[in-house]
Amino acid sequence: MLFNSFIFLLLFLPFSLLVHWLAERFRPEWRLPLLLLLSFAFYSYWDWRFAPLLVASIGLNWTLARIFCQARLGWLITLAICVNLLVLGVFKYAGFFASFVPGLTMKGVDVFGSGDALPLGISFFTFHHVMYLVDLRAGRAPQVGLVKYGLYIAFFPQVLAGPLVRWSEILHQFDERPYARSDAAERFARGLLLLCAGLAKKVLIGDPLAAYVNPVFQEAANGATITLVQGWQATLAFTFQIYFDFSGYTDMALGIALLFGVVLPQNFETPYRSLSLQDFWRRWHMTLSRFLRDYLYIPLGGNRHGLPLQLCALFITMALGGLWHGAGMTFVAWGAAHGLALGVGLLWRRAGLPMPAALGWALTFLFVVFTWVLFRAGSFEAALRIYEGMLGLTSIGAGLKWRAIAIAAAVALIGPTAWVAVHKAPPSRLLAILAAVAFTLILFKIGDDANYEFIYFQF
Amino acid sequence: MAGASARWRRFSTTFSVAAVASLAVLAGGLVLLDPYDTGRLTPLEPTGMAEGPPWQVNASRARDPQFDSAIIGNSRAQMLEPAILDEATGSRFVNLSIQGAGPLELQRVFGVFLRHHPAPRAVIIGVDEWWCRPEQKRGDTFPYWLYAPGTVEYLRGLVRYQTLEHMPRRFAVLRGDAAMARPDGYWDYTSLYLGMTGAAAAQRRMRDGERRSQSDNPQNTFPAVAILKDMLDALPDSTRVAVVWPPTHTSYQPSPGSAAETTLRQCQAALRDVVTARPGARLVDWSGDRDFNRDAAGFHDETHYRKPLADRLSADVADGLAATAEAATH
């Protein structure tokens, strides 16, 4: 179910909090099994046919990890990682790779009778498995029980779209009595505020931008000529829409986890203020960047084997990172473009060339904006139509819709992150009332027909 | 630390109480004040609605006891004038047409009218090419919740920001200083069309446009025919029914002998079968290659006819209803 839905906010979340509190208070040993049960219920609500996949995925990985711990057979971990990637590949990339074979068409794998729909969160929970298994083989991760492992994978605030949590960030928290902590009340209250902030970012700032974005990209997909005004309006709006959509989702995930006494890692740190592309990737989808660095870039050689190999590792990491977002060449191109630009940035720094902060910000922002076109367009033809418009190769056009973009830009560029703002908030009654009224008004906004899914759910 | 903890506990309690209270006040207020005058769950007497789009007003019109007959359709039935029908049939018609509504939506509007008028004297149902589509899907814009048969769906739909935005108009109605919507639902949208930028282009299309030949339903399956049957079956035997296929400019009609024409003819035949099987029902078909359909001057665009043609159609529909009444008495 969506975080921004009545069923979640008015039924599932209050019910879950109540039973979780009862368990934590009176039957602490039931807390983790209960959270796991709630997580499966949450996941199944979307499409129950995929729940067995999640359960089987947990069971298989946990079993292989357990056998590994007893028998110390390193190939078991390799096998487990291959199986995880194979499952991801079958569900997400079968059609993509088949498209390279002449005469072969595979629209997608219909295992559970749900058409070619992708099991939600599969990209995220696959990476969770990989992180744990790699660290287990390296002797960094401990062996854990089935319930705790299941919860590490399926904990409902983060199962669908992250953040990508390391086992070391969360497993120890499962052992705590969260409501017995001295800061339990503060954590809970800040969780409520973070949930409200995330909802506001998604519903009040991100969603209205869809009306600026979707019609233009649809026209481009239909092959229509896009004007300069349309191109910039749609691309700038998408730049902020995806930020507020995904960071809003993450704030909600972090807030909801806090309500259950769990601290999840942050994912965004005002990325559009970045002064370089390297800086951008330290601030945008931070947990993915961290994963790609530690589990792909460094194993590929990282910066330890000379500049040429480092540039190759960077390019491959980013191109694969692009592919992870979606089974399409436009996503690969998006990742590859970032890989190339990160390489250019690396060479620039190595050469000791200066980069004024303002110029660095402008170049970074423009590059990120331009490459979002590839991310959103769905095809190179559609992306080309948008680029033609943005570069003034068609006509200027008129009727720029800018208000929602201006508001979003101001919040993204000037405002603090929701996490920082929420952690500076005082425990004042007035603030609690204002947040509650805002929460109610957002509920009414959610009731409107133009209530959107999260963009990152499709990945 | 204990003090801080207590303050944060108080914060969460205040938040929870304020959230529940504000939701209860707003949602409860909406239920009681009944923004669209539906008569559901409210102690308020019927008030009528302020001027607004038909989707907003018709839930109120559909329960107005001064009417005993209804016109159910989309924009192509909007120009049927209740006054003409009333005079010719002795009934009291309300026009419940809603722009862009397809069979599923019209069934909802029909359902509301029927709940408040279990034995209507007459019902006119407008049908068109929409009823010939291979599948019937819910549209994105129609407020199904406002015309929902169940209370839960209505309440779920009521909790939306658009309803809050509508409330100033509701307060104006309750204060008695709103410009009220016409109770009978008639709307001559000629002035709207005259001001539209596409009017000249529509005239060009009607003059020079090529007729379509490819069928958009080559299997010739018509699920909406069952919807019409359900609607007719829901009416008591005493209700007279006219199912109206409105005038259509020839440029919009399929090319003779084409697959598109086969689809249209088969669909119309299936609809006719359902209508003729019901006693007291008649199909009034103004489609086809007829003089008035060849004259672009009679139309705003290919499918929307002007008032002179609308008045002729209204009179013909009234005759059709009178004929069914006469047949019933003999």
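Hi everyone, this is a short walk through a predicted model with a chain A and a chain B.

A word on conventions. Residues count from 1 along each chain as its sequence is written, chains are lettered from A and ligands numbered from 1 in the order in which they are written. Because the model is predicted, local features need pLDDT of at least 70 and side-chain atom pairs pLDDT 80 or more, while totals for chains, interfaces and linings use all residues; side-chain values use heavy atoms, without hydrogens and water.

Let's start with the sheet in chain B. Its five strands form an open sheet in the order β2-β1-β3-β4-β5, with parallel pairing. Helices (H or I, at least four residues) and strands (E, at least two) are DSSP runs, numbered from the N terminus, and two strands pair if DSSP finds at least two bridges between them. Which strands stand at the edges? They are β2 (93-95) and β5 (281-285) of chain B, each with a single partner strand, so one side of each has no neighbour in the sheet. On average, neighbouring strands are turned by 15° against each other, direction ignored. Axes here are lines fitted to C-alpha atoms, for helices over the stretch in contact, with angles from 0 to 180 degrees between N-to-C directions.

Further in, β3 (residues 122-126) and β4 (residues 240-245) of chain B pair in the parallel sense over five bridges; B:Ala122, for instance, has B:Arg240 in β4(B) as its bridge partner. Helix α9 (residues 224-234) of chain B lies across β1 (69-72), β3 and β4, running at about 170° to β3(B).

Now over to chain A and its helices. The axes of α13 (residues 329-350) and α14 (residues 357-377) of chain A come within 8 Å and cross at roughly 160°. That makes α13(A) roughly antiparallel to α14(A), the word for angles over 145 degrees.

Next, how do the chains meet? The contact takes 24 residues from chain B and 33 residues from chain A. Together they bury about 2,600 Å², 74% of it on carbon and sulfur atoms; that is accessible area (1.4 Å probe) lost on being put together, summed over both. In chain B, B:Trp8, B:Phe11 and B:Phe15 lose the most area to chain A, together 31% of what that side buries.

One salt bridge joins A:Glu388 and A:Arg385, at 3.1 Å from N to O. Both lie in helix α15 (residues 380-390) of chain A, three residues apart, about one turn of the helix.

Conventions: Contact means heavy atoms within 4.5 Å. Buried area is the accessible area (1.4 Å probe) that two parts lose on being put together, summed over both. A salt bridge is a side-chain nitrogen of Lys or Arg within 4 Å of a carboxyl oxygen of Asp or Glu. Angles under 35 degrees count as roughly parallel, over 145 as roughly antiparallel, 65 to 115 as roughly perpendicular and the rest as oblique.
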